[in-house]
Amino acid sequence: MSAGKLWRGPGSSPQHDDTIVAVSSPPGASLVAVVRSCGPRALEIASGLFEPADGEPVSRIPGSRARAGRFTAGALSFPAVLYVFRAPRSYTGDDLVELHIPGSL
């Protein structure tokens with residue numbers, strides 16, 4: 001499976017070159033929703049949705065760092081924080097980003 005294909009869900013196994021994006025916050029109301037992306041395209045995906053307040057491109061943020069900025073998807077735009085964990089020093093050993101956005105239902 002190439003990095004451009006998505007995991008098909010239960011019954012199939014993600015491959016090492018897949019990038020997975022999933023909601024990581026538990027169900028129910030909360031102050032923060034967490035969306036985690038892991039794999040070779042994690043930083044690329046984050047770059048398309050998040051703009052750091054300091055103007056540094058997401059691709060240049062060092063590992064184990066957080067950046068405040070804005071999440072934008074279509075007409076939606078609101079404050080957010082992006083956490084970057086670079087391979088191999090992440091929970092999974094791959095590039096990993098967490099996007100923390102306000103509110104979760």
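These are my notebook entries on a single predicted chain, taken region by region.

**Ground rules**

I am working from a predicted model, in which local features need a pLDDT of at least 70 and side-chain atom pairs count only at pLDDT 80 or more, while totals for chains, interfaces and linings use all residues. I number residues from 1 along each chain as its sequence is written, and the side-chain values use heavy atoms, with hydrogens and water left out.

**Entry 1: the chain overall**

I looked up the confidence first: pLDDT, the predictor's confidence in each residue from 0 to 100, averages 87 over the chain, and 83% of the residues score at least 70. I count 1 helix and 6 strands, where helices (H or I, at least four residues) and strands (E, at least two) are DSSP runs numbered from the N terminus. Along the sequence these elements follow the pattern β-β-α-β-β-β-β.

Of the 105 residues, 31% are buried; I use buried for under 20% relative accessible area, exposed for over 50% and partly exposed for what lies in between (1.4 Å probe, protein chains only). Taking contact to mean heavy atoms within 4.5 Å, I note that residues 24 or more positions apart account for 36% of the contacts with a separation of 6 or more.

**Entry 2: the largest pocket**

I then turned to the largest pocket, which has a volume of about 160 Å³. A pocket here is an open set of points, on a 1 Å grid over the protein atoms alone, where a 1.4 Å probe fits, with protein on both sides within 12 Å along at least five of seven lines; lining residues have an atom within 4 Å of a point. The volume is the space filled by probe spheres set on the points, which are joined across faces, edges and corners.

Which residues lie nearest the centre of the largest pocket? They are Val21, Val35, Ile45, Leu49 and Leu99, out of 13 lining residues. Strand 2 (30-38), helix 1 (42-49) and strand 6 (96-104) are the elements that give two or more residues to this lining. By class the lining has 11 nonpolar, 1 polar and 1 charged residues, with Ala, Val, Leu, Ile, Met, Phe, Trp, Tyr, Cys and Pro counted as nonpolar, Asp, Glu, Lys and Arg as charged, and the others, Gly among them, as polar.

Leaving out residues up to four places away in sequence, I find Glu98 touching Val34, Val35, Arg36, Val81, Leu82, Tyr83 and Tyr91.

From there I followed Val34, which sits in strand 2 and is buried at 12% relative accessibility. Beyond its neighbours within four places, Val34 is in contact with residues including Ala22, Val23, Glu98, Leu99 and His100. The C-alpha atoms of Val34 and Pro102 are 8.9 Å apart, although 68 residues separate the two in sequence.

**Entry 3: the loops**

In the loop between strand 5 (76-85) and strand 6 I looked up Ser90, which is buried at 16% relative accessible area. A polar atom of the Ser90 side chain lies 2.5 Å from the backbone oxygen of Asp94.

In the loop between strand 3 and strand 4 (65-73), Ser64 has a positive phi near 55 degrees without being a glycine. I note for reference that most residues other than glycine have a negative phi, and that most peptide bonds are trans.

Asp54 lies in the loop between strand 3 and strand 4 and is partly exposed, at 49% relative accessibility. The Asp54 side chain makes a polar contact of 3.0 Å with the side chain of Arg67, and one of its polar atoms lies 3.0 Å from the backbone nitrogen of Glu56.

Terms used. A polar contact is a pair of N or O atoms within 3.5 Å; within protein, one must be able to donate a hydrogen and the other to accept it, and residues adjacent in sequence count only if both atoms are side-chain atoms.
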